[in-house]
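Here is a friendly tour of a protein model to follow with the structure open beside you.

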Amino acid sequence: MTVGIRPRRSALYMPGSNARALEKAKTLDVDCLILDLEDAVVPDAKELARTQICEAVAGGGYGEREVVVRINGLGTPWGEDDLAAAVKAGPDAILVPKVNSPADLQRIALKLAVLGASRDLKLWAMMETPEALLNAGAIGACGKDPQVRLSCVVMGTNDLAKETRARLTPGRAAMMPWLMTCVAAARAGGVDILDGVYNAFQDEEGFAAECAQGVEMGMDGKTLIHPKQIDTCHAAFSPTPEEIAWARKINEAFDQPENADKGAIQVEGKMVERLHAQMGRRVIAIAEAIAARS
Ligand code: COA
Ligand code: MG
C-alpha cells in the first residue's frame, strides 16, 4: 500500500535564469526542486533559462532530489519549445502552470506521447486560476488516468490572489476554502498536494506558522522560494518521534493475537480503529523514506 512512497515535504523554486542557484541546488537538503521557466523568468531571459535548465537536468548531480521543470503555458510563445526541451533533458516531472481544466493536462499528455517521453516522466499541475478551483475535482481525477500521469498538484497562491483579488493575510482565511477543496481533490485523485509559497522569507515566525497550518490542512509539503526556508519546512512536515512511536504502538496492538478479530481497541485510554493503524503505517513509511534519504 505504501510501496514507492516519496517524501515531498519541500519543493524549492529557483529561476532557470539563475545559474548559481541551479548549481547550489545540488548541495541543498531539499526533497524537490522546481526549476522555473515561467513566472520567475522575464521574457528576455526565457531562452537562456531553458538552455541552462536543460543542461543542468541532463547533466545530473541532483541525487535523490525530485527534479521538476516548470514550463511556460502552451498558449505562450515559449511553451511548446519548453516542453520539447524538458522531455529531452529528462527531469522527474514537468509542472504545468495555470491549468484550468483536465483538457489542459490531457493536451500535454498527448504531446508527451508524441515526443516519446519516458513513462517515468510525471506531470504536476499548478492550481492557481479561478477556473482550476471550480474544476478542482476533475483536475485531481487526472491522477486516476494513467495516460495523464499526474502525480502532484501545487497551490499557486500568489496567482490566486491576483486572479481572485482575495488577500493573502496571516491565517489565510480567504484562501482556506480553496486550499481545502484542492486537498480533497488531490486525495480523491490519489495525488500529492503542495502548499503555496510564503513570500516574506525573512519572517521565520510567520513562515513556521504557515507550515504548521499546511500540516494541519493535510498538505504533503510546501513550495519554497529561498533555501533558508528548508529546515523549518522539514521540521513541520516530517513525522515527529512521538507520532512515529504512537503509530508503531497502535500497529503492534492490532498485531496481538487477542485483537485479531477486533475493529476497535483501547490504547492508553484512547479508542483506536484499524483506520488509525492504517494512518500510522503511512507515518512510518514516510519516516522510513526520510531516514533512508539522509
Ligand atoms: N534557489 C536556490 N538558491 C537560492 C534561491 C533559490 N530559490 N534563493 C536564493 N538562493 C541563493 C542565492 O543564489 C545566494 O547564493 P550565494 O550565497 O551562493 O550567492 C543565497 O541563496 C542567498 O540569497 P539571498 O541574497 O538571500 O537572496 P537573493 O536576494 O539573491 O534572492 C529571491 C531573493 C527572492 C530573488 C530568490 O530567493 C529567488 O529567486 N527565489 C525564487 C523565486 C521564484 O522562483 N519564484 C517563482 C515561484 S513563486
Ligand atoms: Mg504562478
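The notes below cover the barrel, the helices, a hairpin and the ligand shell.

This is a predicted model, in which local features need pLDDT of at least 70 and side-chain atom pairs count only at pLDDT 80 or more, while totals for chains, interfaces and linings use all residues. Residues are numbered from 1 along each chain as its sequence is written, and chains are lettered from A and ligands numbered from 1 in the order in which they are written. Helices (H or I, at least four residues) and strands (E, at least two) are DSSP runs, numbered from the N terminus. Two strands pair if DSSP finds at least two bridges between them.

**The barrel**
- A closed barrel is built from 8 strands in the order E1-E2-E3-E4-E5-E6-E7-E8, with parallel pairing.
- On average, neighbouring strands of this sheet are turned by 25° against each other, direction ignored; axes are lines fitted to C-alpha atoms, for helices over the stretch in contact, and angles run from 0 to 180 degrees between N-to-C directions.
- Strands E7 (residues 192–195) and E8 (residues 221–224) run parallel and are joined by 2 bridges.
- Look for Leu194, whose bridge partner in E8 is Gly221.

**Helices H2 and H3**
- Helix H2 (residues 46–59) lies across strands E1 (10–15), E2 (32–36) and E3 (66–70), and runs at about 160° to E3.
- H2 packs with helix H3 (residues 79–89) at an angle of about 15°, their axes being 8 Å apart.
- That angle makes H2 roughly parallel to H3, a term for angles under 35 degrees.
- On the H2 side the contact (C-beta atoms, placed from the backbone, within 7 Å) is made by Arg50, Cys54, Val57 and Ala58, and on the H3 side by Asp81, Asp82, Ala85, Ala86, Lys88 and Ala89.
- By class, the residues of this contact are 6 nonpolar, no polar and 4 charged; Ala, Val, Leu, Ile, Met, Phe, Trp, Tyr, Cys and Pro count as nonpolar, Asp, Glu, Lys and Arg as charged, and the others, Gly among them, as polar.

**The hairpin**
- Strands E9 (residues 264–267) and E10 (residues 270–273) run antiparallel, joined by 4 bridges.
- Ile265 has Val272 as its bridge partner in E10.
- E9 and E10 form a hairpin with 2 residues between them, and Glu268 in the turn has a positive phi of about 50°.

**Around ligand 1**
- Of the 15 residues around ligand 1 (C-beta atom, placed from the backbone, within 6 Å of it), Tyr13, Met14, Ala21, Ala40 and Ile225 come nearest.
- E1 and helix H1 (19–24) are the elements that give two or more residues to this shell, and E1 gives the most, with 4 residues.
- The shell holds 10 nonpolar, 1 polar and 4 charged residues.

Note on methods. Contact = placed C-beta atoms within 7 Å. Parallel < 35°, antiparallel > 145°, perpendicular 65-115°, else oblique.
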